[in-house]
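I opened this entry to keep track of what I looked up, one item at a time. The notes follow the order of my looking.

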Amino acid sequence: MSPPPPTHRLTADLLGVGGVIKQRHDDFQVEELPLYEPSGQGEHLMLLVEKRGRTTQEAIKRIADAFRVGKRDIGYAGLKDKHALTRQHLTVHLPGKTEDGELIGQALERCEALRDIDVLWATPHANKLKRGHLAANQFTIFIRDVGVTAAIRAKPILDRLAATGIPNYYGPQRFGFRRNAHALGRLLLLNQHHAFIEEMLARPGDDDDPRLADDRARFRQGDLSAAIDAWPRALPYDRQLLDALRKQKPADQAVAAISREHRDFLLSAAQSAAFNRVVAQRLADGTLNQLLVGDLAFLHDRGAVFAVDQPTADTDNAPEGRVAQLAVSPSGPMWGPGMTLPTDQPLALEQQAAQAEGITPDQWLAGPADRSLHVEGARRPLRIPLRDASLAGGSDDHGLYLRLKFTLPKGAFATIVCDEIMKAN
C-alpha cells in the first residue's frame, strides 16, 4: 500500500513552473535555527555541523566515533535531509572533559578527516539536545530546468502560501526509500509479524535494482545465508531482520531484533499516512483554512489545542479572526495512546482516514502490544505558516534556476512548498 500522495493542492488554480529539485546537494540547503544559544559551560559540547549527502544518523555515528563516545551520548534536535547541504546542532556528552583543550582538539582533528561532514564550531553546553529543541528551519532551494518566466509564474503561488499557510503534509521521505514505511508500521502495530517480514524482505519494489531483486529472490527461496551475504549494507535494518531469521529466531523475535529506533520510525510513518489523508480531505472540502464545530484548534504560538464550539468558530473564522492571522489552525490526528479526540464532523473524518489505512481507532488508541516501542498520540496542525518567503530567478554554470528562500516551523516538510510551485497543471 503506497502512502496517499498529496495530490490536493492549495494553489491548484495557479499554473506551476515545472522543474526539478535536488539535482545537487547544494541545491537544497537547510539551516537549523536553534531554540537557544549554547550556555558556554557544562558537561556537553555543542557543535554546529555541516553535512552533504549524509543522513543525520550517519553524521551522529561518525561524530561519536571521532569523540570516542557512544551514539547515545550524542544529542540532536531534528533529522535533516540526506540529499542536501544542511547545518544542524549536535551535543556530545563529555562529563568533566569539555574544558580539556587537548582532548577536544584531538577529537576535532579527527572530525576534520570526516568525509562530507564539517564541524563549524564547538562550545560547552549544560544540556543534551533532544528532539524538537529547535525554533525552526531555514531553507534555500534551487529549482532547476525551469523557463525564463518561472519567477513570474511562481510569485502568486508563493504569495498565496505566505498569506494562507501551507498544507502540513508529511513529505515522501517520511515513508522511506521504498515508500512503504507506513505499511510496515501498520503490520508492526497489529503484530502481524510474518506479513511484516514478507513486506520488508520478500516483496519486490518498483525501484529495486537488479541485484536487490536477486537478493529478494534468494530470500523467498529460503537461502538466507546467501541473501544476507549479498544484501546491501546500506539497508542495515533489513540485514538485522535477515540475520535474526538466519539464526532461526521466531518471527516475533526476529522483528524485535530490528533497531527499536527504526521500529519507532515505522510506527510514526503509519501515523503520518493517516494524518496526510485528513489534510487531503480537508483541502478537498475547502475546510483546511477553517475551523469546524468539533475541531481541536491548534494555537501556533503555544503548541496547545482547544475545543471549537459554534461561537468560537464564528469568531475565529471571521475576516479579522485568528484563522486569517495564522494564529490558529485546525489540527489533525497523530493516532496513538493518549491522543485527544475531536467531536462531530472532524471526528468522523479522522476515523475514516484511520480505517483507510487499515487500522481502527481503537487499535491506535491501545498502542502496540510490544510496550518497548514508543508511540504516543498527539495533535498536529493541518496547516503551518510560511515565513520570510522570497524568490528570485537566475542562472549559473548549470543553467536557469528559480531560487526559493523561506522558514518553516520544526517538523514541516519544505518539499510541500516546492510541490505547490512546481506542480504540473
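**Notebook: backbone and burial look-ups**

I began with Leu-326, which counts as buried because its relative accessibility is 6%, below the cut-off of 20% that the term requires. I keep in mind throughout that the model is a predicted one.

I then placed Leu-326 in the chain and found it in the loop that runs between helix H11 (310-316) and strand E10 (328-334). Its phi is positive, at about 60 degrees, although Leu-326 is not a glycine.

That made me look up Asp-344, another residue other than glycine with a positive phi, here near 55 degrees. Asp-344 lies in helix H12, which covers residues 344-356.

For a glycine with a positive phi I turned to the hairpin of E8 and E9, where four residues sit between the strands and Gly-303 has a phi near 70 degrees. I noted that strand E8 (residues 296-299) pairs with strand E9 (residues 304-307) in the antiparallel sense, over four bridges. Within this pairing, Ala-297 has Phe-306 of E9 as its bridge partner.

My last item was a helix: how many of the 10 residues of helix H5 are buried? I found seven of them buried, so that H5 (residues 193-202) is mostly covered. I listed these as His-193, Phe-196, Ile-197, Glu-199, Met-200, Leu-201 and Ala-202. I also looked up what covers them, and the cover includes helix H4 (181-189), helix H6 (210-220), helix H8 (236-246), helix H9 (251-256) and helix H10 (260-285).

Note on methods. Residues numbered from 1 in each chain as written. Predicted model: local features only at pLDDT ≥ 70, side-chain atom pairs only at ≥ 80, totals over all residues. Heavy atoms only, no water. Pairing = 2+ DSSP bridges. Helix = DSSP H or I, 4+ residues; strand = E, 2+ residues; numbered from the N terminus. Buried < 20%, exposed > 50% of the residue type's maximum accessible area, 1.4 Å probe, protein only. Contact = heavy atoms within 4.5 Å.
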